[in-house]
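Reader: I would like a close look at one part of this model. Please take me through a single residue and its surroundings.

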Amino acid sequence: QFYTSKDWTIKKEQIKTRDKGMCQRCLIKFERITITDLEIHHIEKLMVRWEKRLQDDNLVCLCKRCHRYIDMMNNGELDFEFNSSNEETEKREFVFF
């Protein structure tokens, strides 16, 4: 099974690191920092684009709440502008309390 494979385990940690351990939808759409209950979303669904299952530009870090919304209410489509090069995240300064 793909989601228990070593390749997926490694890749999802790489994506969390790339996205600074934050939900990108919360950050970009709501300017809110969410660092808990993180999951990795396939931008192009696995059943449609299996060959992109481990490609960085097809993966984004989302919190569980945003992931469920995107999958169930928005047909898997992102409702925010995401650039996998992480330029927006790199430009922002974060203050944690």
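Author: Leu46 is buried, because its relative accessible area is 17%. Buried means under 20% relative accessible area, exposed over 50%, and partly exposed in between, with a 1.4 Å probe and protein chains only. This is a predicted model: local features need pLDDT of at least 70, side-chain atom pairs count only at pLDDT 80 or more, and totals for chains, interfaces and linings use all residues. Residues are numbered from 1 along each chain as its sequence is written, and side-chain values use heavy atoms, with hydrogens and water left out.

Leu46 sits in the loop between β1 (38-42) and β2 (59-63). Strands here are DSSP runs (E, at least two residues), numbered from the N terminus. Asn58 is twelve residues from Leu46 in sequence, and their C-alpha atoms are 9.9 Å apart. Leaving out residues up to four places away in sequence, Leu46 touches Phe2, Tyr3 and Arg53. Contact means heavy atoms within 4.5 Å.

Phe2 is buried, at 13% relative accessible area. Tyr3 is partly exposed, at 42%. The structure holds five aromatic pairs. Rings of Phe, Tyr and Trp (its six-membered ring) pair if their centres lie within 6.5 Å; planes under 30 degrees apart count as stacked, over 60 as edge-to-face, the rest as tilted. The Phe2 and Tyr3 rings are edge-to-face, because their planes are at 65 degrees, with centres 5.2 Å apart. Tyr3 and Trp8 are also edge-to-face, with centres 5.6 Å apart and planes at 85 degrees. Trp8 is buried, at 4% relative accessibility. Phe2, Tyr3, Trp8 and Trp50 form one aromatic cluster.

Note on methods:
Helix = DSSP H or I, 4+ residues; strand = E, 2+ residues; numbered from the N terminus.
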